[in-house]
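Let's take a walk through a protein together, one step at a time. Keep the picture open beside you as you read.

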Amino acid sequence: MSTVSDYDEHHYDEEKEQVVSFVAKLKFFIITSVGFFSDGWLNGGFSYIVTMVGYTYWNGGSIPSLSQSLIKSGLSIGMIAGMVVFGFFGDALGRHKVYGKELIFTLLGTFMIVLTPWNNFSEQAVISWMTVWRVVTGFGIGGDYPMSASLNSETKLGMSRAKLITTSFFIYQMGTLLFTIFFLIVIVGYKNKIEENLNNVTYVWRLLFGLGMIPGFASLYERLTMKETKPYEKYVSKVTGLTGENVRTQKEGWADFVEYFNFKTAIARRHVLTLVSTALTWFFFDIAFYGFSLNNSNILALIGYGSGNTKYQSLYNTAVGAIIITSFGIVGNLIGIFLPDIIGRRPQLIGGCLICAVLYAIWAGVENHTSTGGLMALFVISSLFLQGGPNNMTFLCPIEVFPTRVRGAAHGISAAVGKCGALLTAFAFGYLSTNAGLAAAIGLCSGVMVLATITSFGIPEVMGLTLDDIENDVQYLPRSERLAHIAARIDRRTAFASAPAPVEEKEAI
């Protein structure tokens, strides 16, 4: 166990990492955030794309509910695989040897969706094509979660670990917001052509997908050439790669994983409980989160905000509603960036889940008795709390509570279990809202957020802990001992920093 007496010898001096130019900080932040931007653009805006694909290939109609669910679920299927695969190999082989490969899959899958054949393509062929390439896209986006999160948690850029990780993840919301803005701009720009011939809407969704690829292409080389993180070299291995003498391989990675989660000791069983808690909390959260994000256009239509007298008017109203919802989500996300270092991770996660559960219960209760304005207000307020609380924390907690040797794999497994929730809701939410009503679907979301609240209690608090503390399981100390440890370390660091520098003696002449 780490103690205050070993500060000089073992404490990783994170303050030295702050001596980085503003340009270098910005460059690193952009590189590690591109994947989240792509996720927000390609995933957060996909429900609107599905509507336009229906207009294109179903003669102005809509894709059948089950087929919509299949296409939407493709990304989640790919993400589940990508999260586990890249998370494990990022730990086993080193961050720098794996990073960047995930972005290749994202770009390839997106490009192939843009090239979905125009003519002589049956409805079933469209479903198959888009589902397959969404799986490929998801594999890349999923891989980005543990990889970029690990890099952000192990790099110091003059801000706290929580702020850097959540700010990078915030770019997901910016991707979604920019998608909705460009969606509105392109819709307005193509107004005359869409009203002349509805098939022209095909150029709108293809252009939107193409624009989402630009940041990824711009950052691909930098990802592929990124250096290894200092914490990985310190705590895991300085010899990483694919070939060479004494190189670290997947065998060592698997051995580390098994040793950490081996169930043989009380602390190892606590490690397992933490992983189960982070995974299940993310699972329940994603049922609600993707229930809304994958069906935003349908929900807006059901509450009376996304419909119009013409197809163009429906698309326009949906785009405006999407911007409103996403904007409130961004406000929540921005607030959520600062809360972890003020109130702690657990209160933010538990409180956010509980508030969302209450709001969804209220929404479900008044769904058939409230005006469109009232329902829209509930939609945006719940989005604010959803983004600012559990959305940030389900991403942050799994990357902070585990040590470097299993950090990527544990985060990847937690995220993958979460995406199983997204996969479930891709089929269940649309079907439930169509056949049992929107109130029933939202009531389900309220119930799963209650479950997320319960599982959140199994996640330890890490506010104030360093990477070295986490390596030594300080997060599992009783609260009083953990706080005493943090206070003692701060006092030690203060004394160390304020100590007078040694005076060099001049040589006698």
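Among contacts in this protein between residues at least 6 apart in sequence, 84% join residues at least 24 apart; contact here means heavy atoms within 4.5 Å. Before going further, note that this is a predicted model, in which local features need pLDDT of at least 70 and side-chain atom pairs count only at pLDDT 80 or more, while totals for chains, interfaces and linings use all residues. Residues are numbered from 1 along each chain as its sequence is written, and side-chain values use heavy atoms, with hydrogens and water left out.

What is the chain built from? Its secondary structure comes to 21 helices and zero strands. Helices (H or I, at least four residues) and strands (E, at least two) are DSSP runs, numbered from the N terminus. Of the 509 residues, 58% count as buried. Buried means under 20% relative accessible area, exposed over 50%, and partly exposed in between, using a 1.4 Å probe and protein chains only.

Now look inside. The largest nonpolar core has 127 residues, and Met52 and Tyr145 have the most contacts within it. Such a core is a set of buried Ala, Val, Leu, Ile, Met, Phe, Trp, Tyr and Cys residues joined through side-chain atoms within 4.5 Å. Helix α8 (residues 161-189) gives the most to this core, with 13 residues. If we leave aside neighbours within four places in sequence, Met52 is in contact with Phe183, Ile187, Val201, Val204, Trp205, Leu208 and Leu315.

Rings are the next thing to find. A search of the whole structure gives 27 aromatic pairs. Rings of Phe, Tyr and Trp (its six-membered ring) pair if their centres lie within 6.5 Å; planes under 30 degrees apart count as stacked, over 60 as edge-to-face and the rest as tilted. Trp41 and Phe179 form an edge-to-face pair, at 5.6 Å centre to centre and with 90 degrees between the planes. Trp41 lies in helix α2 (residues 22-44) and Phe179 in helix α8, so their pair ties together parts that are 138 residues apart in sequence. Both Trp41 and Phe179 are buried.

Tyr145 and Phe169 make another pair, which is edge-to-face because their ring centres are 6.3 Å apart and their planes stand at 75 degrees.

At 2% relative accessibility, Leu151 counts as buried. Not counting residues up to four places away in sequence, Leu151 touches Phe28, Thr32, Arg95, Tyr99, Met226 and Thr229. The C-alpha atoms of Leu151 and His96 are separated by 9.3 Å, although these residues are 55 apart along the chain.

Finally, where does helix α4 bend? Its kink, of about 30 degrees, is centred on Ser73; the bend at a residue is the angle between axes fitted to the seven residues ending there and the seven starting there. Helix α4 (residues 65-93) is mostly covered, with 21 of its 29 residues buried. Just after α4, Gly94 takes a positive phi of about 110 degrees.
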